[in-house]
Amino acid sequence: MTLTGRTALLAAIGSLPVGILAPSWTGMLAVNAPLSLAILCDYALAAPVRTLRFTRSGDTSVRLGENAQVHLLLENPSRRRLRAVVRDAWPPSSWPVGTAQDASRHKVTVPAGERRRLTTVLRPTRRGDRQAERITVRSYGPLGLAARQGGHRLPWKVRVLPPFTSRKHLPSKLARLREMDGRTSVLTRGEGTEFDSLREYVPGDDTRSIDWRATARQSNVAVRTWRPERDRHLLLVLDTGRTSAGRVGNVPRLDAAMDAALLLTALASRAGDRVDLLAYDRRLRARVQGRAARDVLPVMVDVMATLEPELVETDARGLSAAALAGAPRRSLIVLLTGLDAAPIEEGLLSVLPQLTQRHTVVVAAVSDPHVDRMTRSRGTTEAVYEAAAGAQAQAQRHRTAEQLRRHGVTVVDAKPEDLAPALADAYLALKAAGRL
């Protein structure tokens with residue numbers, strides 16, 4: 001090859017788009033004209049990227065911790081065989097740390113005029129919407145020395161739902177509900193308005209339930225049993241303020257509160273009660289209202305998916321006003337919040353009389369098991385100080401809970417994994433006692 005021809009060839013190679021040359025060959029171009037010609041020919045024989053056609057399909061929602069599959073149908077309408085690496089760009093939180101690069105790239109060979117389906121498996125690590133916008137394709141020549149690169153915009157969204165891990169407790173809670181409802185041989189002492197049957201008095205029964213006329217007709221004292229009432233109204237209030245952003249173990253407080261709310265929703269809707277949801281900090285973040293029993297749980301799961309804590313102090317008066325507006329008649333209001341002394345004493349206690357005057361109120365909070373471990377620390381000076389700090393935090397938490405109880409509030413304070421079943425038990429106890 002003449003000097004002029006070699007110069008022209010190098011100039012042509014230098015005009016190629018940045019990134020199409022294999023890195024191991026870039027330093028050899030100026031001294032090896034045959035290799036340069038091979039690279040140029042390889043680039044010319046690579047299948048074009050712009051004419052490729054893509055179609056998306058697959059999952060649009062997934063529970064946190066589970067896998068979702070999103071499919072790409074790739075069609076090669078050109079006359080050249082496509083040898084490519086396809087990158088399906090999703091946010092990093094779509095996979096566990098360290099696996100995103102391998103999961104988002106696909107090596108594929110598509111003969112001219114044919115199609116291939118590529119599957120990207122997502123395993124999101126956070127709730128909310130995960131969106132993919134762009135597909136990047138690097139098409140290599142037959143020798144793998146050079147490549148064409150380009151992108152296609154093809155949006156797709158996968159909503160990551162709360163995991164609802166507490167649903168494993170639902171069968172046992174429904175069994176207890178059936179006992180209360182009189183579907184089994186076990187009768188409860190519920191104070192509902194629908195008369196169920198008479199039975200013999202046992203120590204501990206409420207004397208107001210004694211049926212004196214029936215007692216006069218027989219030798220034993222008879223008491224009335226009541227079928228727990230249905231069609232009661234529950235309003236679940238999620239505090240999305242700064243205290244909900246704290247993490248207990250690996251779980252944000254808000255996520256633990258959501259899990260408890262979902263179990264209570266599933267249980268109450270099966271019991272024939274109506275359930276609404278309110279999420280509030282300084283403004284209304286979400287609302288679910290007036291849904292049928294069969295629809296309320298899926299709607300709540302979908303609404304909760306995009307809720308995130310706000311790093312602001314919750315407006316207790318605004319929250320109370322929103323709750324009262326959402327519960328125009330007597331209801332069970334379940335407030336899922338924290339038991340930190342300052343927010344309770346400076347905010348919630350001042351508005352509690354407005355809520356308890358018309359409604360039954362339950363406050364459910366997530367406790368930190370690390371504090372319990374701190375109180376058991378011994379052996380060193382540092383451990384003793386840690387135990388004292390833990391004991392002080394526990395004592396303050398107990399005082400706050402006692403203040404709420406003096407206002408007629410039922411307090412549920414439990415670890416993240418125990419909060420959902422504990423709240424369900426509190427609901428069943430209130431129902432059995434006729435306080436709904």
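What follows is a list of stops, with a note on what you'll find at each.

Before you click, know that this is a predicted model, where local features need pLDDT of at least 70, side-chain atom pairs count only at pLDDT 80 or more, and totals for chains, interfaces and linings use all residues. Residues are numbered from 1 along each chain as its sequence is written, and side-chain values use heavy atoms, with hydrogens and water left out.

**Stop 1: a three-stranded sheet.** Select E1, E3 and E6, which make an open sheet in the order E1-E3-E6 with antiparallel pairing. Strand labels come from DSSP runs (E, at least two residues; helices are H or I, at least four), numbered from the N terminus, and two strands pair if DSSP finds at least two bridges between them. E1 (53-58) and E6 (115-122) sit at the edges with a single partner strand each, so one side of each has no neighbour in the sheet. From one strand to the next, the twist averages 20°; angles here run from 0 to 180 degrees between N-to-C directions, with axes as lines fitted to C-alpha atoms, for helices over the stretch in contact. Now zoom in on E3 (residues 68-75): eight bridges tie E3 to E6. Glu 75 is opposite Arg 115 in E6.

Stop 2: Jump to Phe 164, in the loop between strand E8 (147-161) and H4. Its phi is near 50°, a positive value in a residue other than glycine. Most residues other than glycine have a negative phi. Is Phe 164 buried or exposed? Phe 164 counts as buried, because its relative accessibility is 4% (buried is under 20% relative accessible area, exposed over 50%, partly exposed in between, with a 1.4 Å probe and protein chains only).

**Stop 3: two helices side by side.** Show H4 (residues 170-180) and H12 (residues 416-432), whose axes come within 11 Å and cross at roughly 5°. That makes H4 roughly parallel to H12 (angles under 35 degrees count as roughly parallel, over 145 as roughly antiparallel, 65 to 115 as roughly perpendicular and the rest as oblique). By class, the contact of H4 with H12 has seven nonpolar, no polar and four charged residues. Here Ala, Val, Leu, Ile, Met, Phe, Trp, Tyr, Cys and Pro count as nonpolar, Asp, Glu, Lys and Arg as charged, and the others, Gly among them, as polar.

**Stop 4: E14 and its partners.** Pick E14 (residues 274-280), where six of seven residues are buried. Seven bridges connect E14 to E11, running parallel, and Leu 235 is opposite Asp 276. On to E15 (residues 284-288): four bridges link E14 and E15, running antiparallel, and a hairpin joins the two through three residues.

**Stop 5: a loop residue.** Find Ser 244, in the loop between E11 (233-239) and E12 (247-248). Leaving aside neighbours within four places in sequence, Ser 244 is in contact (heavy atoms within 4.5 Å) with residues including Asp 239, Arg 253 and Pro 309.

**Stop 6: the cores.** Which residues touch the most other members of the largest nonpolar core? Among its 52 residues, they are Leu 238, Leu 336, Leu 423 and Tyr 427. A nonpolar core is a set of buried Ala, Val, Leu, Ile, Met, Phe, Trp, Tyr and Cys residues joined through side-chain atoms within 4.5 Å. A second, separate core of 26 residues includes Leu 339 and Val 409.
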